[in-house]
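Subject: Structure handover

Hello,

Here is the structure I promised you. Please open it first, then read my notes below.

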Amino acid sequence: MRLIIQLVLWVVIAVLGYLLFNSVYEPVQFNKLKVKRYAKVIENLKDIRAAELAHLEITGKFTGSFDSLVQFIDTAEYAITQRRDTSYPDVERNKAFGLHPTDGGYYLEEVIIDTLSFASVKDSLFKGSDRYRTMMNIPIEGVDKKVKLEAGTVLKNDNPMQVFEASVAKDDILHDQPRDLVIPEKQTVSVDGVNGTHIIVGSMDDVNTNGNWPKMYDSKNDE
């Protein structure tokens with residue numbers, strides 16, 4: 001009987017030891033995996049932001065369609081310009097003051113923008129890479145979903161301003177992880193964490209093209 005009790009105690013001790021180890025080990029592994037997955041998603045969101053900003057610069061607006069955004073990258077070009085200042089006689093004013101219309105007197109100043117050449121948006125932003133064709137996909141194994149993309153306008157000082165927002169739910173990024181770890185992660189409020197339930201770049205409520213991630217994600221993490 002004593003031997004049986006000892007064996008039972010050893011089993012209990014082993015189980016408790018495993019549970020204690022797992023309670024420490026599991027969150028550590030979860031955080032490591034979370035950082036790697038977040039980094040992958042954020043790289044896609046950065047590409048989306050760069051493409052949207054180029055779209056705004058050239059077309060004057062953001063787009064809420066990935067099909068339109070990819071087509072834009074494939075075909076659009078930046079104009080490479082040169083700015084130069086020039087001046088010429090103010091003929092009418094010179095006449096009004098009895099001065100020679102085109103020799104001396106008053107001058108008008110003007111800025112002239114010369115278009116020198118054009119550069120491909122695709123080459124400028126992605127330098128030979130075609131990753132922009134998949135930037136809308138959530139880059140997590142086992143997830144067959146796309147980044148949510150919206151675009152529109154908000155009023156700022158009574159003026160309509162262009163805005164966009166791209167977002168990915170943490171539930172999708174961490175779809176295969178323990179719920180008891182995912183739930184508090186979605187409630188994160190920290191200067192060195194990704195706050196809230198989604199990773200987001202841009203905003204549909206304000207003129208803002210920033211992401212809600214901390215600076216640690218602004219440099220690529222090793223896979």
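The side chains of Asp 85 and Arg 83 form a salt bridge, with 3.3 Å from N to O. A salt bridge here is a side-chain nitrogen of Lys or Arg within 4 Å of a carboxyl oxygen of Asp or Glu. Asp 85 is exposed, at 55% relative accessible area. Arg 83 is exposed too, at 58%. The classes work like this: buried is under 20% relative accessible area, exposed is over 50%, and partly exposed is in between (1.4 Å probe, protein chains only).

Some ground rules. This is a predicted model, in which local features need pLDDT of at least 70 and side-chain atom pairs count only at pLDDT 80 or more, while totals for chains, interfaces and linings use all residues. Residues are numbered from 1 along each chain as its sequence is written, and side-chain values use heavy atoms, with hydrogens and water left out.

Back to the charges. Side chains of opposite charge can pair when their charged atoms come close. The count comes to 12 salt bridges. One of them joins Asp 218 and Lys 46, at 3.9 Å from N to O. Asp 218 sits in the segment after β5 (198-202) and Lys 46 in helix α1, so this pair ties together parts 172 residues apart in sequence. Helices (H or I, at least four residues) and strands (E, at least two) are DSSP runs, numbered from the N terminus. Asp 218 is partly exposed, at 46% relative accessibility. Lys 46 is buried, at 16%.

Asp 74 and Arg 133 make another salt bridge, at 3.1 Å from N to O. It links distant parts of the chain: Asp 74 is in helix α2 (residues 66-75), Arg 133 is in the loop between α4 and β3, and they are 59 residues apart. Both residues are partly exposed: Asp 74 has a relative accessible area of 29%, and Arg 133 has 43%.

Now look at Glu 185. Where does Glu 185 lie? Glu 185 lies in helix α6, which spans residues 179-186. Glu 185 is buried, with a relative accessible area of 8%. Lys 34, Lys 170 and Glu 185 are linked in a network of salt bridges. Beyond its neighbours within four places in sequence, Glu 185 is in contact (heavy atoms within 4.5 Å) with residues including Phe 30, Tyr 38 and Val 194.

In α6, Leu 181, Val 182 and Glu 185 are buried. They cover an arc of only 95 degrees around the axis, which puts them on the same side of α6. The arc is taken from the directions from the helix axis to the C-beta atoms.

Next, the surface. Lys 127 is in the loop between α4 (121-126) and β3 (148-156). Lys 127 is exposed, at 66% relative accessible area. A polar atom of its side chain lies 3.4 Å from the backbone oxygen of Ser 124. Lys 127 and Gln 187 are 60 residues apart in sequence and 38 Å apart in space, C-alpha to C-alpha.

Last, helix α1 (residues 2-59), which holds Ile 4. Ile 4 is exposed, with a relative accessible area of 51%. Ile 4, Val 8, Val 12 and Leu 16 form a nonpolar patch on the surface, with about 360 Å² of accessible area together. Patches are made of residues with over 30% relative accessible area and no salt bridge; like charges are joined within 9 Å, and nonpolar side chains (Val, Leu, Ile, Met, Phe, Trp, Tyr) within 5 Å. Accessible areas come from the Shrake-Rupley method with a 1.4 Å probe; for residues, only the protein chains shown count as cover.

Best wishes

Definitions and conventions
A polar contact is a pair of N or O atoms within 3.5 Å; within protein, one must be able to donate a hydrogen and the other to accept it, and residues adjacent in sequence count only if both atoms are side-chain atoms.
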